[in-house]
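Subject: Structure handover

Hello,

Here is the structure I promised to pass on. Please open it alongside this note.

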Amino acid sequence: MPDSESEDNSRITELWKQAERAYDEYEARGDLNTLEVCIQSFRLVMDMTEDDSPEKAATLTNLGISLNARYEATGELRDLKESISLEQLADALTPDDSPDKSIRLQNLAASLFSLFKREGRSEDLEEAINLWTRAIELE
């Protein structure tokens with residue numbers, strides 16, 4: 001009989017793949033229903049992933065990217081703000097020497113730039129520029 005941890009890991013893998021397929025389909029067809037499937041799947045993965053797991057930051061990043069895509073499609077500000085919060089958490093969980101650090105900084109910077117375009121606050125633009133600069137320095 002499989003143990004609970006291996007069942008959870010299998011379910012996480014299944015949900016992750018479902019989310020990726022849904023995002024790819026959204027990008028190909030622009031169907032918001034598939035983006036919703038993606039977001040809900042990544043939310044479940046996030047909830048099931050332990051905070052100290054090396055996969056937590058990747059999950060937060062992908063959920064943030066998906067929410068940002070929904071913001072771009074609908075203009076719903078709460079999606080952008082949640083995306084930024086998730087990407088900030090992903091950044092905090094990613095060590096500076098990680099090969100993923102630069103792309104996570106770039107994703108966060110892009111979201112902050114979107115917030116600047118929406119609200120016009122110079123501090124969002126300044127933070128985006130600083131993050132892009134850090135990302136380039138890590139390359």
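Predicted model: local features only at pLDDT ≥ 70, side-chain atom pairs only at ≥ 80, totals over all residues.

**Helix α3**

Start with helix α3, residues 56–74. How many of the 19 residues of α3 are buried? The count is 14, so the helix is largely enclosed by the rest of the structure. Just after α3 comes G75, with a positive phi of about 75°.

**α2 against α3**

Helix α2 covers residues 32–48. It packs on α3 at an angle of about 155°, and the two axes are 9 Å apart. The pair is therefore roughly antiparallel. The crossing of α2 past α3 is left-handed. On the α2 side, the contact uses L32, L35, E36, C38, I39, F42, R43, V45 and M46. On the α3 side, it uses K56, T59, L60, N62, L63, S66, L67, A69, R70, A73 and T74. By type, the residues of this α2–α3 contact are twelve nonpolar, four polar and four charged.

**α3 against α4**

Helix α4 runs over residues 77–93. The axes of α3 and α4 come within 8 Å and cross at roughly 160°. Angles over 145 degrees count as roughly antiparallel, and α3 and α4 therefore fall in that class. Their crossing is left-handed. From α3, the contact takes in K56, A57, L60, T61, L63, G64, I65, L67, N68, R70, Y71 and T74. From α4 come L77, D79, L80, E82, S83, L86, E87, L89, A90 and L93. The α3–α4 contact divides into twelve nonpolar, five polar and five charged residues.

**α4 against α5**

Which way does α4 run relative to α5? The two helices pack at an angle of about 150°, with axes 9 Å apart. That makes α4 roughly antiparallel to α5. α4 passes α5 in a left-handed crossing. In α4, the residues that meet α5 are L77, L80, K81, S83, I84, E87, Q88, A90 and D91. Their partners in α5 are K101, R104, L105, N107, L108, S111, L112, S114, L115, R118 and E119. The α4–α5 contact holds eight nonpolar, five polar and seven charged residues.

**Helix α5**

Helix α5 spans residues 101–119, which is 19 residues. From first C-alpha to last it reaches 27 Å, close to the 27 Å expected at 1.5 Å a residue. The buried residues of α5 are K101, S102, R104, L105, N107, L108, A109, S111, L112, S114 and L115.

An α-helix has 3.6 residues a turn, so residues three or four places apart point the same way.

T61 sits in helix α3. Is T61 buried or exposed? Its relative accessibility is 8%, so T61 counts as buried. Beyond its neighbours within four places in sequence, T61 is in contact with A90, R104 and N107. A90 belongs to α4, and R104 and N107 to α5.

A109 is in helix α5. With 0% relative accessibility, A109 counts as buried. Leaving out residues up to four places away in sequence, A109 touches A128, L131 and W132. A109 and L35 are 74 residues apart in sequence, and their C-alpha atoms are 22 Å apart in space.

E7 lies in helix α1, residues 4–29. At 43% relative accessibility, E7 counts as partly exposed. The C-alpha atoms of E7 and S114 are separated by 39 Å. Along the chain, E7 and S114 are 107 residues apart.

Best wishes

Definitions and conventions: Residues numbered from 1 in each chain as written. Heavy atoms only, no water. Axes fitted to C-alpha atoms, helices over the stretch in contact; angles between N-to-C directions. Helix = DSSP H or I, 4+ residues; strand = E, 2+ residues; numbered from the N terminus. Parallel < 35°, antiparallel > 145°, perpendicular 65-115°, else oblique. Left-handed = near helix turned anticlockwise from the far one by under 90°. Contact = heavy atoms within 4.5 Å. Nonpolar A, V, L, I, M, F, W, Y, C, P; charged D, E, K, R; others polar. Buried < 20%, exposed > 50% of the residue type's maximum accessible area, 1.4 Å probe, protein only. Expected span 1.5 Å × (residues − 1).
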